[in-house]
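Hello,

Here is the structure we spoke about handing over. Please look through it first; notes on what was found follow below.

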Amino acid sequence: MTSWLGRVLEVEVGAVAHGGHCVARAEGRVVFVRHALPGERVRVEVTEDNGGSFCRGDAVEVLSASEFRVEPPCPLAVPGGCGGCDWQHADPEYQRSLKAAVVAEQLQRLAGIEREVVVEAFEGGPLDWRSRVRLVADREGRAGLRAHHSHRVVALDDCPIAVPGALDDVLARRWRPGSELEVTSDGDGAVHVRELSTVRGKVRARQLAGGVAVQHAAGRDWHLDAHGFWQVHPDAAPTLAAVVGEWAEAPAGGTAWDLYAGVGLFASVLAAQVGSAGRVLAVESGRRAVADGEKNLADLPQVSWQAGRVEHVLASAAKPVDVVVLDPPRKGAGKAVVESIVAGSPDRIVYVACDPAALARDLAFFSSHGYSLTDLRAFDAFPMTHHVECVALLS
């Protein structure tokens, strides 16, 4: 068929879909539309068309606006602009309702679970929250973010969702074109900057400021690799640790697994519950994270660490287990990991998820082994973007 790339279509915008866009239809094809809201009538310029039943586009003109449409706080959050945000054109409360609809739809479609979902806001509002940003230098050496689904770099003068001041020094200077810049503002307000550049096919890392971040959560001070894994929103780690602690209910003297453990945030919570007579197995594939975790939890001998793939480590782990907490990457845990978990016959499973589709797929796997969704909370840990953090309790 003839490509629609560059074509402008007039469409009625339908429901929100996973990924930061809404669904429209034109001439029998689905059009995934960014920068639109459900119920609007817009003109869409097709930006991607690989053939088949769907294409993608940007709403370049709003003919009939939603009552929930607002002026984006960032001038780059427009068609053809920065790809870092998805929903700046929507009222923040409405953004959360869109995310709730996505989570509910994914649960129903992929796991057969009918459930009303509410996405909870953190304090502080939708701006000034992003504590970790990865930028790239354009051909003139200006730091910026890539456009949506593109390698094109959009240079920044500011980023309203970033922690105030975190990017000031990085945006004020020029860099080697193509260099990537990792910026982290830690729990004490210190800014850490690392430059990644590719020279003769090899990636070279240069720490320009800081390197060891200090974070605060679960009643502890954490010292860790500033560019390793930690929650991006300042309120996320303390909130998730509290929910995990409430739902895990690991028995005193019992056994718990913390899978995809990072530096051991949830392991520390589980260790307090099982006490000195209990055991917590923390499994993490990143060796730097394991080293940081061992140092941070050196006062908790009931926590033992294993570096490696979760399904490989669990094959030889002592069973049964009372409680399992898992916080897998965006792709989810997958069937093999689910089977490794259920082999331990845990009474309770607490699943922390950053992607609702992956969560739903894994819940379907758990369901096939007799585990059901007991409770669910969702948090707006990434305001202005389509991302949402969920915590699910299975029993």
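A residue counts as buried under 20% relative accessible area, as exposed over 50%, and as partly exposed in between. Glu180 has a relative accessible area of 24%, so it is partly exposed. Please keep in mind that the model is predicted.

Overall fold

The protein has eight helices and 21 strands. Its C-alpha trace spans about 65 × 50 × 40 Å along the principal axes. For 395 residues, a compact globule would have a radius of gyration near 21 Å, and the 22 Å of the protein agrees with that. Of the 395 residues, 54% count as buried.

Salt bridges

The count comes to 23 salt bridges, taking a side-chain nitrogen of Lys or Arg within 4 Å of a carboxyl oxygen of Asp or Glu. Three of them are described here.

Glu10 and Arg43 form a salt bridge through their side chains, with an N to O distance of 3.6 Å. This pair links distant parts of the chain: Glu10 belongs to strand β1 (residues 8-17) and Arg43 to strand β4 (residues 41-48), 33 residues apart. Glu10 is partly exposed because its relative accessibility is 41%. The value for Arg43 is 30%, so Arg43 is partly exposed as well.

Glu180, the residue from the opening, is paired with Arg134 in a salt bridge whose closest N and O atoms are 2.5 Å apart. Here too, distant parts of the chain are linked, with Arg134 in strand β7 (residues 132-137) and Glu180 in strand β10, 46 residues apart. Arg134 has a relative accessibility of 47% and therefore counts as partly exposed.

In the salt bridge between Arg309 and Glu311, the closest N and O atoms are 2.9 Å apart. Glu311 counts as buried because its relative accessibility is 19%. Elsewhere, salt bridges with shared partners join Glu10, Glu12, Arg41, Arg43 and Glu61 into one network.

Surface charge

Which residues form a positive surface patch? They are Arg176, Arg200, Lys202 and Arg204. Arg176 sits in the loop between α2 (168-171) and β10 (180-185). With a relative accessibility of 48%, Arg176 is under the 50% cut-off and so counts as partly exposed. Patch members must have over 30% relative accessible area and no salt bridge.

Regards

Notes. Residues are numbered from 1 along each chain as its sequence is written. This is a predicted model: local features need pLDDT of at least 70, side-chain atom pairs count only at pLDDT 80 or more; totals for chains, interfaces and linings use all residues. Side-chain values use heavy atoms; hydrogens and water are left out. Patches are made of residues with over 30% relative accessible area and no salt bridge: like charges are joined within 9 Å, nonpolar side chains (Val, Leu, Ile, Met, Phe, Trp, Tyr) within 5 Å. Accessible areas come from the Shrake-Rupley method with a 1.4 Å probe; for residues, only the protein chains shown count as cover. Lys and Arg count as positive and Asp and Glu as negative; His and the chain ends are not counted. The place of a charge is taken as NZ of Lys, CZ of Arg, CG of Asp or CD of Glu. Helices (H or I, at least four residues) and strands (E, at least two) are DSSP runs, numbered from the N terminus. Buried means under 20% relative accessible area, exposed over 50%, partly exposed in between (1.4 Å probe, protein chains only). The radius of gyration is taken over C-alpha atoms; the globule rule is 2.2 Å times the number of residues to the power 0.38.
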